[in-house]
Amino acid sequence: MSTGTSTFVIRWINFLTMLLAITVMGFGVWMSTHHDGCRKSLTLPVLGLGAVIFVISIIGFLGALKNSSILLWIYLILLCFILVAILVFTVLAFIITNNGSGHSVAGLRYKEYQLQDYSSWFLKQLNNTRNWKHLRSCLVKSDDCNNLSRKYKTLKQYKMAKLTPIEAGCCRPPSECGYPAVNASYYDLSFHPISSNKDCKLYKNSKAIKCYDCDSCKAGVAQYMKTEWRVVAIFNVVLFVVLSVVYFVGCCARRNAARESKV
């Protein structure tokens, strides 16, 4: 690739990623002012990601603009670290999310989830008292369970609904308990449970209790996290390919800049 072409491509790619970084940091600032404490936990990672992208982009942009071999070296080293980090994270994400899937229940359109089906990493995180206390408070504040009675006006609609993993695990008792559903948010707990599952005793109709302390709720959260991680992992594969091409172009630009400096 010629000197002019490689430096031109690197210059414009990094100019665009600088704009992207500013957008990401702006989104992080917006999150810090518009979201509750549960979602604010994502603020620092988002701001950090934006800052890293901005720093690397400005080094690459200046290196290509000034045709500086040193700046392009620094840019390529940092980009190499990013590529390795993305590769490691993506491999770990696929390993961690390899286990766990829902179990079909007769008469229901949605699946139920069991905590022991998921990877040991998920089990360690979700069984950690401090972690779950924070996640539980977020689940109680959310409208996942409170909205069920608004979404499904009749018992027939509720039984035919396709609940999300969190709705299925945290908002209702496991089907094996055998509690008759009165409506979308209330079960007849006077019925003696037919299962020895501890979740049957933990479930309460109270909005603040529901099945938030149940293993089925933790399993629903694990399934939600698994789905999110898989999406991120697939996105990372695409990002890795794109950054690899950028890295190749950057190598051409650095080599051409070094050749020109010798001349």
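**Exercise 1.** Does Phe15 count as buried, partly exposed or exposed, and why?

*Solution.* The model is predicted: local features need pLDDT of at least 70, side-chain atom pairs count only at pLDDT 80 or more, and totals for chains, interfaces and linings use all residues. Residues are numbered from 1 along each chain as its sequence is written, and side-chain values use heavy atoms, without hydrogens and water.
- Take the classes: buried is under 20% relative accessible area, exposed over 50%, partly exposed in between (1.4 Å probe, protein chains only).
- Phe15 has 33% relative accessibility, so Phe15 counts as partly exposed.
- Now place the residue: Phe15 lies in helix H1, residues 3-34. Helices are DSSP runs of H or I with at least four residues, and strands are runs of E with at least two, numbered from the N terminus.

**Exercise 2.** Find the class of Glu112 and the partners of its side chain.

*Solution.*
- Glu112 sits in strand S2, residues 111-112.
- Its relative accessibility is 14%, so Glu112 counts as buried.
- Its side chain makes a polar contact with the side chain of Arg172 at 2.7 Å. A polar contact is a pair of N or O atoms within 3.5 Å; within protein, one must be able to donate a hydrogen and the other to accept it, and residues adjacent in sequence count only if both atoms are side-chain atoms.
- The side chain of Ser175 is another polar partner of the Glu112 side chain, at 2.7 Å.

**Exercise 3.** Locate Lys210 and describe its backbone.

*Solution.*
- Lys210 is in the loop between helix H10 (199-202) and helix H11 (215-262).
- Its phi is positive, about 40°, although Lys210 is not a glycine.
- At 2% relative accessibility, Lys210 counts as buried.
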